[in-house]
Amino acid sequence: MNIILFGPPGAGKGTQAKKLVAERGWVQLSTGDMLRAAKEAGTELGRRVAAIMDRGDLVSDEIVIELIEERLPDAERAGGAIFDGFPRTVAQAEALDALLKGRGAEIDRVVRLVVDQDELVRRMAKRAEEEGRADDTVEAFKVRLKNYNDQTAALIPYYKAQGKLADVDGMGTVDEVAASIASALDAD
């Protein structure tokens, strides 16, 4: 099963993806984690994206799709992928659909975590303090949230039209949200 965890920055996508990995054995494909790892490793890709990420801007579709394509065989062997932070634009969603179709697969479910904005700011501040992430400054977070609202939100009608979108209240405890996600995934 291939799923997308969808929602604004700080909604809990990474936390819930890790729970799904532990419970279902699927592979988490977090473009944010992959990009941060490349940046920290000082790879050629990392150098290209460092300034973009530090501003809170989105990395190009070509780079992100390249990262995903490299990891798909791992997900296929594990029986599923959890796309976390990808796709972010309709163009990326279309590229992902084409990529998966070429491999005889598709996105099975898109789970949108719905969280209010004040809670997002609180979570971002806590994560910045705990993890010391340079991309979690208030200024960068505001840019990321604006990018999400301007670009990523267009994915809602895209996946709704395909009948794949399931909204989950992301305001509960980690376990409550996980139970709601499990219900959304196991429906049908």
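This is a predicted model: local features need pLDDT of at least 70, side-chain atom pairs count only at pLDDT 80 or more; totals for chains, interfaces and linings use all residues.
A residue counts as exposed when its relative accessible area is over 50% and as buried when that area is under 20%, with partly exposed lying in between. By that rule Glu23, at 52% relative accessibility, is classed as exposed. The largest nonpolar core has 33 residues, and a search of the whole structure finds 12 salt bridges.

**The sheet**

**Strand E1 and its partners**

- E1 runs parallel to E3, to which four bridges join it, and four bridges likewise join E1 to the parallel strand E4, which covers residues 109–114.
- Ile4 stands opposite Phe83 in E3 and also opposite Val110 in E4, while Ile3 has Ile82 of E3 opposite it.
- Asn2, Ile4 and Phe6 point one way from E1, whereas Ile3 and Leu5 point the other way, and all of these residues are buried.
- Since five of the five residues of E1 are buried, this strand is largely enclosed by the rest of the structure.

**Nonpolar cores**

- In soluble globular proteins, nonpolar side chains tend to be buried together.
- Within the largest nonpolar core, which has 33 residues, those with the most contacts inside it are Ile4, Leu29, Ile68, Phe83, Leu96 and Tyr159.
- The elements that give two or more residues to this core are the strands E1 (2–6), E2 (27–30) and E3, together with the helices H2 (31–41), H3 (44–55), H4 (61–78), H5 and H8 (155–161).
- Helix H4 gives the most to this core, with seven residues.
- When residues up to four places away in sequence are not counted, Leu29 touches Met34, Ile68, Arg71, Leu72, Ala81, Ile82, Phe83 and Asp84.

**The loop residue Thr89**

- Thr89 is placed in the loop between strand E3 (81–84) and helix H5 (90–101).
- Because its relative accessibility is 14%, Thr89 counts as buried.
- Leaving aside neighbours within four places in sequence, Thr89 is in contact with Asp61, Gln151 and Leu155.

**Salt bridges around Lys19**

- The side chains of Glu23 and Lys19 meet in a salt bridge, with a distance of 3.8 Å from N to O.
- Both Glu23 and Lys19 lie in helix H1 (residues 13–24), where they are four residues apart, about one turn of the helix.
- Lys19 also forms a salt bridge with Asp175, in which the closest N and O atoms are 3.2 Å apart.
- This second pair links distant parts of the chain, with Lys19 in helix H1 and Asp175 in helix H9 (residues 174–186), 156 residues apart.
- Lys19 counts as partly exposed at 22% relative accessibility, whereas Asp175, at 53%, counts as exposed.

**Other salt bridges**

- Arg103 forms a salt bridge with Glu76, the closest N and O atoms of the pair being 2.5 Å apart.
- This pair also links distant parts of the chain, since Arg103 belongs to the loop between H5 and E4 while Glu76 belongs to helix H4, 27 residues apart.
- At 36% relative accessibility Arg103 counts as partly exposed, and Glu76, at 41%, counts as partly exposed too.
- A network of salt bridges links Lys18, Asp33 and Arg36.

Notes:
Residues are numbered from 1 along each chain as its sequence is written. Side-chain values use heavy atoms; hydrogens and water are left out. Buried means under 20% relative accessible area, exposed over 50%, partly exposed in between (1.4 Å probe, protein chains only). Contact means heavy atoms within 4.5 Å. A nonpolar core is a set of buried Ala, Val, Leu, Ile, Met, Phe, Trp, Tyr and Cys residues joined through side-chain atoms within 4.5 Å. Two strands pair if DSSP finds at least two bridges between them. A salt bridge is a side-chain nitrogen of Lys or Arg within 4 Å of a carboxyl oxygen of Asp or Glu.
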